[in-house]
Amino acid sequence: MKIFILDAQHLGLAFALRCQEAGHQVRVWLPSDHGQQSCIGDGLVDKVVEWKPSMKWADLIVLTDNSLY
């Protein structure tokens with residue numbers, strides 16, 4: 001399954017890693033912090049800069065909170 005995690009609060013890394021361990025394809029989007037990309041999950045998960053293209057790619061979309069998106 002293709003899982004896309006919109007992680008506005010930087011809370012979804014553990015979930016993303018568990019999904020990968022279960023054999024799923026995972027993409028994570030983290031918002032930039034003052035114009036710089038977050039280093040959270042670097043080298044561990046596939047991170048995307050733009051979230052919209054991954055919406056069509058995913059079978060399942062997970063939001064880590066509902067306050068922003």
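**Figure 1. Overall fold of the chain.** From the N terminus on, the elements of this predicted model run β-α-β-β-α-β. That gives the chain two helices and four strands. Strand S1 covers 2-6, helix H1 covers 13-21 and strand S2 covers 25-29. Strand S3 spans 46-48. Helix H2 takes residues 52-57, and strand S4 takes 60-63. The C-alpha atoms fill a box of roughly 35 × 25 × 20 Å along the principal axes. The radius of gyration is 11 Å, which agrees with the value near 11 Å for a compact globule of 69 residues. Of the 69 residues, 33% count as buried. Among contacts between residues at least 6 apart in sequence, 54% join residues at least 24 apart.

**Figure 2. The largest nonpolar core.** Nine residues make up this core. They are Ile3, Ile5, Ala16, Cys19, Val26, Val28, Leu30, Val45 and Val62. Strand S1, helix H1 and strand S2 each give two or more residues to the core. A second, separate core has six residues, including Phe4, Val48, Trp57 and Ala58.

**Figure 3. Close-up of Cys19.** Cys19 is a member of the largest nonpolar core. Beyond residues up to four places away in sequence, Cys19 touches Ile3, His24 and Val26.

Figure 4. Val45 sits in the loop between S2 and S3. Is Val45 buried or exposed? Its relative accessible area is 12%, so Val45 counts as buried, the cut-off being under 20%. Neighbours within four places aside, Val45 is in contact with Leu13, Ala16, Leu17, Gln20 and Val28. Val45 and Leu17 are 28 residues apart along the chain. Their C-alpha atoms are separated by 7.2 Å.

**Figure 5. The cavity and its lining.** A search of the whole structure finds one cavity of 30 Å³ or more. The largest cavity has a volume of about 30 Å³. Which residues line the largest cavity? The lining consists of Asp7, Gly12, Leu13, Ala16, Val28, Leu30, Ile40, Gly41, Val45 and Lys47. By class, the lining divides into six nonpolar, two polar and two charged residues.

**Figure 6. Ser54, a buried serine in a helix.** Ser54 is placed in helix H2. With a relative accessible area of 2%, Ser54 is buried. What does Ser54 contact, leaving aside neighbours within four places in sequence? The partners are Phe4, Arg27 and Val48. Phe4 and Val48 are both named in the second core.

**Figure 7. His10 and its backbone angle.** His10 lies in the loop between S1 and H1. Its phi is positive, about 60 degrees, although His10 is not a glycine. His10 has 32% relative accessibility, so the residue counts as partly exposed.

**Figure 8. Ser32 and His34 in the S2-S3 loop.** Both Ser32 and His34 are found in the loop between S2 and S3. Ser32 is partly exposed, with a relative accessible area of 41%. His34 is exposed, at 79% relative accessibility. The cut-off for exposed is over 50%, so Ser32 falls below it and His34 above it. Ser32 and Val49 are 17 residues apart in sequence, and 8.5 Å separates their C-alpha atoms. His34 and Gln20 are 14 residues apart in sequence, with 29 Å from C-alpha to C-alpha.

Figure 9. Ser67 is found in the segment after strand S4. Ser67 is exposed, with a relative accessible area of 56%. How many residues separate Ser67 and Gln9 in sequence? They are 58 residues apart, and their C-alpha atoms are 9.2 Å apart in space.

Key: Residues are numbered from 1 along each chain as its sequence is written. This is a predicted model: local features need pLDDT of at least 70, side-chain atom pairs count only at pLDDT 80 or more; totals for chains, interfaces and linings use all residues. Side-chain values use heavy atoms; hydrogens and water are left out. A nonpolar core is a set of buried Ala, Val, Leu, Ile, Met, Phe, Trp, Tyr and Cys residues joined through side-chain atoms within 4.5 Å. Buried means under 20% relative accessible area, exposed over 50%, partly exposed in between (1.4 Å probe, protein chains only). Contact means heavy atoms within 4.5 Å. On a 1 Å grid over the protein atoms alone, a cavity is a set of points where a 1.4 Å probe fits but cannot get out, and a pocket is an open set with protein on both sides within 12 Å along at least five of seven lines; lining residues have an atom within 4 Å of a point. Grid points are joined across faces, edges and corners, and a volume is the space filled by probe spheres set on the points. Ala, Val, Leu, Ile, Met, Phe, Trp, Tyr, Cys and Pro count as nonpolar, Asp, Glu, Lys and Arg as charged, and the others, Gly among them, as polar. The radius of gyration is taken over C-alpha atoms; the globule rule is 2.2 Å times the number of residues to the power 0.38.
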